[in-house]
Amino acid sequence: MKLAHLPLRVSIGAYFLNSGFGKRNLEGEAAAGMHGMAVAALPQLKQFEPARFAKLLSRSEIALGAALLTPFVPTPLVGLGLTAFGAGLVQLYLKTPGMREPGSIRPTQQGAGLAKDVWLVGAGLTMVLEGLTHGRRRH
């Protein structure tokens, strides 16, 4: 890992670890609410029971956070994971009713929390592209 990647990887990694640990024991209405929003954007997630979905989401966030914080995991690889996770959140924003102003991509007050997740896609793509272009310069 390059020293220049450290601030990005540590800040995002710590964020994901915290988020994942916070979801470890979600059950009942909290798990059902999160699952319901996810199913609205990605119908294939309906196959999971809400509590199981919450556990899988928690583990995914913890794994991504740990990968970001682990120096020997290649930056382009964690960038791919971050891009995929962020793209899922952006899809959630785009497909969940009430998150956007009518006929617009601009978020409503309710949607601002999800709309901001576009930065995860940007950070992930930056990691991937920097890794690809850095590798080409060496050869």
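Two residues are in contact when heavy atoms of theirs lie within 4.5 Å. Keep that in mind as you look at this predicted model. Take the contacts in the protein chain between residues at least 6 apart in sequence: 64% of them join residues at least 24 apart. The chain itself has six helices and zero strands, so let's walk through what those helices bring together.

**Overall build**
- The C-alpha trace spans about 50 × 35 × 25 Å along its principal axes.
- The protein chain has 139 residues, and 35% of them count as buried.

**Charges and how they pair up**
- How many positive and negative side chains does the protein chain have? There are 15 positive and 7 negative ones, and the centres of the two sets sit 10 Å apart.
- Side chains of opposite charge can pair when their charged atoms come close.
- In this chain, the count of salt bridges comes to three.

**Salt bridge one: Glu130 and Lys2**
- The side chains of Glu130 and Lys2 meet with an N to O distance of 2.7 Å.
- This pair links distant parts of the chain, with Glu130 in helix 6 and Lys2 in the segment before helix 1, 128 residues apart.
- Lys2 has a relative accessible area of 34%, so it counts as partly exposed.

**Salt bridge two: Lys23 and Glu61**
- Here the side chains of Lys23 and Glu61 form a salt bridge at 3.1 Å, N to O.
- Lys23 lies in the loop between helix 1 and helix 2 (28-41), while Glu61 belongs to helix 3 (residues 50-69), so the pair ties together parts that are 38 residues apart in sequence.
- Is Lys23 buried or exposed? Its relative accessibility is 15%, and buried means under 20%, so Lys23 counts as buried.
- Glu61 is buried too, because its relative accessible area is 5%.

- With a relative accessible area of 36%, Lys116 is partly exposed.
- Asp117, on the other hand, has 5% relative accessibility and therefore counts as buried.

**A nonpolar patch on the surface**
- Which residues form the nonpolar patch on the surface? They are Met1, Leu3, Leu6, Val10 and Leu69, and together they have about 440 Å² of accessible area.
- One of these, Leu3, is found in the segment before helix 1 (6-22).
- Why does Leu3 count as exposed? The cut-off for exposed is over 50%, and Leu3 has a relative accessible area of 72%, so it qualifies.

- You can find Trp119 in helix 6, which covers residues 118-138.
- Trp119 has 34% relative accessibility; that value falls between the cut-offs of 20% and 50%, so the residue counts as partly exposed.
- Trp119 and Ala87 are 32 residues apart along the chain, and their C-alpha atoms are separated by 10.0 Å.

Definitions and conventions. Residues numbered from 1 in each chain as written. Predicted model: local features only at pLDDT ≥ 70, side-chain atom pairs only at ≥ 80, totals over all residues. Heavy atoms only, no water. Helix = DSSP H or I, 4+ residues; strand = E, 2+ residues; numbered from the N terminus. Buried < 20%, exposed > 50% of the residue type's maximum accessible area, 1.4 Å probe, protein only. Lys, Arg positive; Asp, Glu negative; His and termini not counted. Charge placed at Lys NZ, Arg CZ, Asp CG, Glu CD. Patch = residues over 30% accessible without salt bridge, like charges linked within 9 Å, V, L, I, M, F, W, Y side chains within 5 Å. Areas by Shrake-Rupley, 256 points an atom, 1.4 Å probe, with all protein chains shown as cover. Salt bridge = Lys/Arg side-chain N within 4 Å of Asp/Glu carboxyl O.
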